[in-house]
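Here is a short report on a protein model with its ligands.

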Amino acid sequence: MHPLLNVAVMAARHAGSMLIKKMVNLKKLKVEQKGHNDFVSDADRAAEKAIIDCIHKHYPDHAILAEESGASGDSDTVWIIDPLDGTTNYLHGFPVFAVSIGVQINGRMEHAVVYDPLRQEIFTASRGTGAEVDGHKLRVSGQMEMPRALLGTGFPFRDAGLDITPYMAMLSKAIIHASGVRRVGSAALDLCYVAAGRLDAYFETGLAPWDLAAGSLIVREAGGIVSGLDGSENFLHSGHVLCGTPRIYREFAKLCAPEIKALLK
Ligand code: IPD
Ligand code: CA
Ligand code: CA
């Protein structure tokens with residue numbers, strides 16, 4: 001394992017066990033509202049601090065882009081961190097959330113870890129060497145037929161004034177044409193589930209770089225396609241994403257072309 005990935009895995013495992021410990025007494029957590037339907041707790045903050053401390057212990061000069069504390073440092077190597085992806089699930093005791101850490105070097109994702117501490121599943125990837133879950137190679141599904149495909153999505157929920165009509169039109173198509181649609185509640189796990197062949201495609205809008213950084217590399221290294229909804233490469237910054245097996249990705253993009261056009265207008 002590459003030394004950078006090794007440190008990422010150590011940090012993710014440590015943060016994951018902190019989250020599990022704090023979950024035992026959810027009522028004791030201090031929760032603040034950052035925006036509409038957007039919450040942060042002291043569990044998110046403590047996990048993020050633990051991750052950054054671990055990184056800086058090994059690589060004091062590396063830069064950080066973390067959800068709760070923002071950007072710091074100036075380096076070609078940037079650690080992109082979501083200490084708790086799925087905060088809403090976590091705060092409700094709904095057992096689906098993850099720690100996500102990606103390492104970007106000169107603007108390119110090189111290493112990734114997504115850790116699901118409840119299932120103790122650790123998804124990892126390094127560019128060019130494939131993706132793994134708990135040491136087993138990951139491969140996207142071989143699904144060739146949309147009517148049999150299982151799709152993942154995330155609902156737009158943060159912008160109270162947003163017109164959700166174009167998203168709903170896309171969701172309707174997914175419901176009608178695929179065999180099912182799941183709203184997992186953790187973008188990082190949605191991506192890993194595509195990589196693991198548990199979902200055949202996933203789409204969402206309104207995301208941040210830390211939701212997508214690690215998971216996108218894991219999907220690509222498992223043989224999947226990841227892009228913005230319009231096929232663009234800058235999804236980390238646009239925040240809209242479509243990923244899937246090559247076949248289902250292409251079919252879904254074609255099927256929803258008018259809805260995607262309306263959504264991105
Ligand atoms: C959220 C989760 C969720 C997605 C949201 C994300 P957070 O991350 O990934 O599935 O729908 O858009 O912001 O806020 O729990 O870290
Ligand atoms: Ca997130
Ligand atoms: Ca988060």
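Are Glu67 and Asp82 buried or exposed? Glu67 is buried, and so is Asp82; buried means under 20% relative accessible area, exposed over 50% and partly exposed in between, with a 1.4 Å probe and protein chains only.

## Basis of the model

The model is predicted: local features need pLDDT of at least 70, side-chain atom pairs count only at pLDDT 80 or more, and totals for chains, interfaces and linings use all residues. Residues are numbered from 1 along each chain as its sequence is written, chains are lettered from A and ligands numbered from 1 in the order in which they are written, and side-chain values use heavy atoms, with hydrogens and water left out.

## Calcium ion, ligand 3

Three residues coordinate the calcium ion (ligand 3): Glu67 (OE), Asp82 (OD) and Leu84 (O), at 2.2 to 2.4 Å. Donors are N, O and S atoms within 2.8 Å of the metal, or 3.2 Å for Na, K and Ca; water is not among the atoms, so sites may look incomplete. The donor spacing in sequence is E-x14-D-x1-L.

Distant parts of the chain are linked here. Glu67 sits in the loop between β3 (63–66) and β4 (70–72), while Asp82 belongs to strand β5 (residues 77–85), 15 residues apart. Helices (H or I, at least four residues) and strands (E, at least two) are DSSP runs, numbered from the N terminus.

Asp85 in strand β5 and Asp211 in helix α6 (residues 209–221) are 126 residues apart.

Why does Asp85 count as buried? Its relative accessibility is 5%, under the 20% limit. Asp211 is buried too, with a relative accessible area of 9%. Asp82 bridges the calcium ion (ligand 3) and the calcium ion (ligand 2), which lie 3.8 Å apart.

## Ligand 1

Ligand 1 has 15 residues around it, each with a heavy atom within 4 Å. Asp85, Gly86, Thr87, Arg158 and Glu204 come nearest.

Several N or O atom pairs lie within the 3.5 Å limit for a polar contact. A polar side-chain atom of Arg183 is 3.0 Å from an oxygen atom of ligand 1. For Asp82, a polar side-chain atom lies 3.2 Å from an oxygen atom of the ligand. Leu84 places a polar backbone atom 3.2 Å from an oxygen atom of ligand 1.

## Domains and cores

The protein is divided into domain 1 (3–137) and domain 2 (146–263); domain bounds come from an automatic or database domain assignment. Their C-alpha centres lie 21 Å apart. The contact takes 37 residues from domain 1 and 25 residues from domain 2, where contact means heavy atoms within 4.5 Å.

The largest nonpolar core has 40 residues. Such a core is a set of buried Ala, Val, Leu, Ile, Met, Phe, Trp, Tyr and Cys residues joined through side-chain atoms within 4.5 Å. Its largest share, eight residues, comes from α5. Phe123 is among the residues with the most contacts inside it. Beyond four places in sequence, Phe123 touches residues including Leu138, Leu189 and Ile218. Another core, of 30 residues, lies apart and includes Leu5, Trp79, Ile81 and Tyr115.

Note on methods. Polar contact = N/O pair within 3.5 Å; in protein donor to acceptor, adjacent residues only side chain to side chain.
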